[in-house]
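Here is a friendly note for a colleague meeting this structure for the first time. Please keep the model open while you read through the points.

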Amino acid sequence: MEDPAKIAAAREAVKYVMHNTIVGVGTGTTSLIFLRELARRLVSGELGSVKLVPTSTETEVEIVNLGLGDYLRYPWQVSHIDIAIDGADEVDGSKNLIKGGGGALTREKIIDYWAREFIVIVDETKLVSRVPSNHPIPIEVIPYAWSIVKARIEREFGGRASLRVSGGKRGPVITDNGNYILDFTPGAALNPREAEVAIKAIPGVVEVGLFSGERVSMVIVGKRDGSVSIIK
Ligand code: 5RP
């Protein structure tokens, strides 16, 4: 059964999608619930004329499976994103995020940071006092550089960075962009905003799954009783 907290957050987020807008659609279970709710409104005619820009192959496939292929657009087909709705693995009180549990961090950051409004939808279990807490920081790296980036991150920040391996195939996970992912657990607490900039600056790093709270318009937190709270 689907998590009622995720459903509550996703349903609330749909209310922010306006007629005739360009919507960045996130990746992961919560984002797919959002997409399904959006599909319901489109099919019923409550909403029309939207364009949907997916942040991953998973989301792109789901847009097609839901019969919404006519609404599908790629970044080069749109001039801007009005609103992006996306999930997260962890959120702190300043709206800093860990994303990339589903390996889609690079396309997610491209679309989420491009959007005029970036809304995060999470269930209450994702709230933490500081990021990272319970999840490693995903770092997408070009395959040629993975061992160099791993060594440099461990030397500069302490802790451990491991190559993510796939469940459905032996060997490393290959992202939608043809890259590898390092999952990095720092040796000590770090400043998420400074770490986002510092990790991104390492040659071979494509993107880091730390998202600055300054880029997040609001976080919709769904609760098990079906209610939501908003962090602005
Ligand atoms: C994918 C992501 C997802 O947004 C994140 O993993 C949350 O997923 P879920 O909604 O399934 O908990 O960053 O790369």
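In which loop is Ser49 found? Ser49 sits in the loop between α2 (29-44) and β2; helices (H or I, at least four residues) and strands (E, at least two) are DSSP runs, numbered from the N terminus.

1. **Before you start.** This is a predicted model, in which local features need pLDDT of at least 70 and side-chain atom pairs count only at pLDDT 80 or more, while totals for chains, interfaces and linings use all residues. Residues are numbered from 1 along each chain as its sequence is written, and side-chain values use heavy atoms, with hydrogens and water left out.

2. Ser49 has a positive phi of about 60 degrees although it is not a glycine. With 42% relative accessibility, Ser49 counts as partly exposed; here buried means under 20% relative accessible area, exposed over 50%, and partly exposed in between (1.4 Å probe, protein chains only). Asn20, in the loop between α1 (4-14) and β1, also has a positive phi, near 65 degrees. Asn20 counts as exposed because its relative accessibility is 53%. The peptide bond from Val131 to Pro132 is cis, with omega near -5 degrees, and Pro132 belongs to the loop between β6 (117-123) and β7 (137-141). As background, most residues other than glycine have a negative phi, and most peptide bonds are trans.

3. **The six-stranded sheet.** An open sheet of 6 strands runs in the order β2-β1-β3-β6-β12-β13, with mixed pairing; two strands pair if DSSP finds at least two bridges between them. The edges are β2 (51-54) and β13 (228-231), each with a single partner strand, so one side of each has no neighbour in the sheet. From one strand to the next, the twist averages 20 degrees; axes are lines fitted to C-alpha atoms, and angles run from 0 to 180 degrees between N-to-C directions. At the β2 end, β1 (residues 22-25) pairs with β2 in the parallel sense over 4 bridges, and Gly24 has Val53 as its bridge partner in β2.

4. **A closer look at β12.** How many of the residues of β12 are buried? The count is 5 of its 5 residues, so to speak a mostly covered strand. Met218, Ile220 and Gly222 point one way from β12, and Val219 and Val221 point the other way. β12 pairs with β6 in the parallel sense over 5 bridges, with Asp123 opposite Gly222. On the β13 side, 4 bridges join the antiparallel strands β12 and β13, and Ile220 has Ile230 as its bridge partner. These two strands form a hairpin with 5 residues between them, and Gly226 in the turn has a positive phi of about 95 degrees.

5. **The nonpolar core.** Which residues touch the most other members of the largest nonpolar core? They are Val23, Phe34, Leu38 and Leu52, in a core of 27 residues. Such a core is a set of buried Ala, Val, Leu, Ile, Met, Phe, Trp, Tyr and Cys residues joined through side-chain atoms within 4.5 Å. At least two residues of this core come from each of α1, β1, α2, β3 (83-86), β6 and β12 (218-222). The largest share, 7 residues, is supplied by α2.

6. **Around the ligand.** The ligand is surrounded by 17 residues, the closest being Thr29, Thr30, Asp89, Gly100 and Lys126; a residue is near a molecule if one of its heavy atoms lies within 4 Å of it. The protein covers 91% of the 370 Å² of accessible area that the ligand has on its own, by the Shrake-Rupley method with a 1.4 Å probe.

7. **Other strands to visit.** Strand β9 (residues 180-185) is largely enclosed by the rest of the structure, because 5 of its 6 residues are buried. β7 and β9 run antiparallel, joined by 5 bridges, and Ile137 stands opposite Phe184. β8 (residues 160-163) pairs with β9 in the antiparallel sense over 4 bridges, where Leu163 has Leu182 as its bridge partner.
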